[in-house]
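Please look through the sequence and the structure shown here, and keep both at hand while the paragraphs below lead from one part to the next.

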Amino acid sequence: EPEWAAELGGSSQGAAIRIVSPETWQELTDGVSGAAGKLSLWAEGTAWSTREDLLAGYLDAPVYGSEEEEIATSLSVATWEDAALIPRPTWQISASTWPRTGSALACPADLYGAYYPVVLGSPGSQRTTAEDLDWYPIPALLVEISDALDPPDNSAVDCVVLLGYGRLECAGSTVELYNENTGVGAVVSVTATTDALGTPVTIATVAAADVPIVLGDSLWWRPVAGTACGIPGTAKLGSALRWLASWSSVPMDPAGWSCVNDLDRFVFGAIINEPVAPLGWIIDGPLKLLPASLVEGAEGVGIVLRPLSPKRSEADVLDLEAVGGWREDQVQRRSWTELRPGLVLEYAPDVRQGIKRRKLTFDPTIWTPTAEISDTARGRAVAARYPSRRLAVEQVSADWLCDGATAMDLATFLHRELTEEWEELAVVLPQGVRLEAGQLLLLTVADLGTRWASRLCYVRSAPRVSGPAKYLLRTIEEQY
C-alpha cells in the first residue's frame, strides 16, 4: 500500500496492520499477539514467488472489539527493545561458578558479584610511548585462592585469576599482570578453561614469586605490546559489531549487515564488564561517531553506512527529470550554527585511572601543527566565512578505540561532517527506479540550474517499497 512507503525504512519500527475476519475472529484474538508475520509487496498478475519481502517480525499489542470489528495490530521487530545483556547474568563470580569442580582452592564470598570482562579486540596492545608503562586497561578477577591463611593469599599455593569471558586469543601465550596495591607486575602464562557452569573463560595461574596477591588486591592486565588478546574475530570494527549483535535479542537482517565489512578498516578495542544491552551499546557507542545508522530491514535490524571516502568515479548517475522523478520540496541548506571548525577526539581509555590516554585536536587558530594538534582547510574556511563560529569546538570520546591510525581516520571523517555545508533535497522516484540508503549519486536536477548538474550526494533515507516513493538526498562537498 502507498502509505507503507512512509512507514518502512529509515528508523521506522514497523507497520500498522488491520484485519477484518469474522470467520477467524476467535483464533485471531487468541493468537495474534507475538505471532510471526511477514509483509511483502506483490503485484497482482505476477508469480507469488516474485514478491518483495519488506518486513519480517512479530505482531504486537492487538486491539480488538466484536467479531465484526477490525483487529488493529502492528508488525514490528522491536528495533530499540533489546532485552538481552552482555556480560550474561551467569558470566559472574558466584558460588555457582567458582571454584571449579575438583579445585582444592576456594572462592571467598568477598569476590562474588564481579562480571567477567568481555574483551573485544586488543585494548592496550597499541603501546608506543614511555608514558604507557602504567597502562593496564583490562580488569583481572581473582577467582580461586587458598584460604589457609587469613587473609587468603598465594604465598603457599598459586592462585587463579580470570582474564575474561571465552577462549581469548592470548590463551596458550602470555600477558602482563599488574597488582595495583603493591605496584608489582609480571608476565604470566595464560590458559583456557571453563567455570563450574561450563562457561568458557581464560585464566592465569599466578605464583607469589611472580605477583604476590592477597584477597582484596586490585588486579589488572594487558597484552604483550603488539600482540592480540581478545575474543577471536573482534579486532576489526565491522566484525566486532557483528559479534555484539549476535548476542542481541533483536532479530538482525543478514542483508542489512553486509555493509559493516567496510568498517573493518577501523581497528577495534573495548572492554565490557558491566551488563549492557548489546544493541544499546552499539547505538550509544560506535554509532554515535560512525557514518552509520540503524534501519529496519526485511528480516530485522540492519545498518546503513554513509560513504566513508566518497569518489565521483564510484557514484551512480541519476538525472531526476530523465527518469520521470520530481522534487517534492525546496532545497534545505544546513544551518551555519551547526558548524564546528574545532574538534577534540579523546580515545584509548584507561579504566583503572579513569582517563583517556590519547587525544587528537583540529583547531583553526593554531600556527604550528603537530602530529596530535593540527588545522585543516575545512576548518579555516568555516572560520573565515563565519567568524562567530571560529572558536566553536566539538568534543567527543571513544571508549572502543585505542589505535592511533584509526583515530586519525575517524577524526578526519568527523571533522568533515562538522564543517560540511551540505544541502538536502527530497525527491520522488517512479516505479522501477530504486535507490538504497547510503548509495552514492551524481544527481542532476534540471530546474535547479548548473549548481545541481551532476552534483555529488548520497541517499540519506530510502523507503522499503519500490516507488513511487520519496527519498532524502544529501550533498557532499568536493572542494577540500
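Which residue takes a positive phi in the hairpin of S19 and S20? The residue is Gly354, with a phi near 70 degrees, in a hairpin that has four residues between its strands. The model is a predicted one, in which local features need pLDDT of at least 70 and side-chain atom pairs count only at pLDDT 80 or more, while totals for chains, interfaces and linings use all residues. Residues are numbered from 1 along each chain as its sequence is written, and side-chain values use heavy atoms, with hydrogens and water left out. Helices (H or I, at least four residues) and strands (E, at least two) are DSSP runs, numbered from the N terminus.

Strand S19 (residues 342-350) runs parallel to S22, to which five bridges join it, whereas S19 and S20 pair in the antiparallel sense over seven bridges. Val344 has Gln395 as its bridge partner in S22 and stands opposite Thr361 in S20, while Leu343 has Glu394 as its bridge partner in S22. Eight of the nine residues of S19 are buried (under 20% relative accessible area, against over 50% for exposed and in between for partly exposed, with a 1.4 Å probe and protein chains only), so S19 is largely enclosed by the rest of the structure.

The helices come next. Helix H6 (residues 377-385) packs with H7 at an angle of about 20 degrees, their axes being 10 Å apart; axes are lines fitted to C-alpha atoms, for helices over the stretch in contact, and angles run from 0 to 180 degrees between N-to-C directions. That makes H6 roughly parallel to H7, as angles under 35 degrees count as roughly parallel, over 145 as roughly antiparallel, 65 to 115 as roughly perpendicular and the rest as oblique. Contact, meaning heavy atoms within 4.5 Å, is made by Arg378, Gly379 and Val382 of H6 and by His415, Arg416 and Thr419 of H7.

A second open sheet has seven strands in the order S9-S8-S12-S6-S7-S11-S10, with antiparallel pairing. Here strand S9 (184-189) and strand S10 (191-194) are the edges, each with a single partner strand, so one side of each is left without a neighbour in the sheet. From one strand to the next, the twist averages 40 degrees. S10 pairs with strand S11 (residues 200-206) in the antiparallel sense over four bridges, and Val201 in S11 is the bridge partner of Thr193.

Helix H3 (residues 237-245) is mostly covered, with seven of its nine residues buried, among them Leu237, Trp243 and Leu244. These buried residues of H3 pack against several elements, including strand S7 (159-165) and helix H4 (278-284).

Finally, a search of the whole structure finds zero disulfides, a disulfide being a pair of cysteine sulfur atoms within 2.5 Å. The sulfur of Cys170 has its closest cysteine sulfur in Cys229, at 5.7 Å, which is too far for a bond. Cys170 counts as buried at 2% relative accessibility, and Cys229 counts as buried at 0%.

Conventions: Two strands pair if DSSP finds at least two bridges between them.
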